[in-house]
Amino acid sequence: RSISLMGFRKYYMAFAVGRLSGNTLELAGAGMPPALIYRAETKTVEQVSLKGMPLGSRTDYPYSKSNVTIQPGDVMLFMTDGLPELFNNNGDMIGYSRVRQIFSSLAADDPDQIINELYRASEHWLNGSAQNDDMTFFVLKRREIVIPKNKVSTRETSPEYSH
């Protein structure tokens, strides 16, 4: 509502927000592409819709939220549309399907490495052409907790994440 009331014509903001509690991630989005989740157990990539009008476009839009469970080894990718809608010098768009494939191939890497490789993939796709939109990435990876057999604990531990 605040952005809309500023009176800027055609000024909208994409936005995603999440709240992590244990293994549950609650998500909502405005003008964002779907989040991608690499499921370590099945080695597949799922999409989580972050549907919602960009902030500032309507003051009365009913935004919704999604809940997803994150298991050890799972990796989540949040991104703006800059990479999937990136055009090369032939006018071809890299596309969401190709981004899913690239992400799937990188899921075993650390979050920083995943982000760096996504940027490298964009540079390779551009092949010297100019980038026409921003690209922002956020990667959340649930660490696998390994407890040595000789260590026994009666208290529960919190899930560990890296980003």
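Residues are classed as buried under 20% relative accessible area, exposed over 50%, and partly exposed in between, with a 1.4 Å probe and protein chains only. The structure is a predicted model, in which local features need pLDDT of at least 70, side-chain atom pairs count only at pLDDT 80 or more, and totals for chains, interfaces and linings use all residues. Numbering starts from 1 along each chain as its sequence is written, and side-chain values use heavy atoms, with hydrogens and water left out. Helices (H or I, at least four residues) and strands (E, at least two) are DSSP runs numbered from the N terminus.

Helix α2 spans residues 96-106, and V99, I102, F103 and L106 are its buried residues named here. These residues cover an arc of only 100° around the axis, which puts them on the same side of α2; the arc is that of the directions from the helix axis to the C-beta atoms. An α-helix has 3.6 residues a turn, so residues three or four places apart point the same way. On the other side of α2, S97, Q101 and S105 are exposed. The cover over the buried residues of α2 includes β3 (35-39), β4 (44-48), β6 (75-79) and α3 (111-126). Contact is defined as heavy atoms within 4.5 Å. With neighbours within four places in sequence left aside, F103 is in contact with L36, I37, Y38, V45, V75, M76, L77 and I114.

A nonpolar core is a set of buried Ala, Val, Leu, Ile, Met, Phe, Trp, Tyr and Cys residues joined through side-chain atoms within 4.5 Å. The largest such core has 24 residues, and L77, L83, F103, L118 and F137 have the most contacts inside it. At least two residues of this core come from each of β3, β6, α2, α3 and β7 (137-142). Helix α3 gives the most, with 6 residues. A second, separate core of 12 residues includes M32, A35, M76 and F78.

L86 lies in the loop between β6 and α2 and has a relative accessible area of 0%. Leaving aside neighbours within four places in sequence, L86 is in contact with D92, M93, I94, S122, W125, L126, Q131 and N132. L86 and D134 are 48 residues apart in sequence, with a C-alpha to C-alpha separation of 9.6 Å. D74 is placed in the loop between β5 (65-69) and β6, and counts as buried at 2% relative accessibility. Not counting residues up to four places away in sequence, D74 touches Y38, R39, A40, T69, L140, K141 and R142.

M13 is in the loop between α1 (2-5) and β1 (15-21) and is partly exposed, at 32% relative accessible area.

Positive phi values in residues other than glycine include those of K43, near 55°, and N127, near 50°. K43 is found in the loop between β3 and β4 and is exposed, with a relative accessible area of 59%. N127 is in the loop between α3 and β7 and is exposed at 56%.
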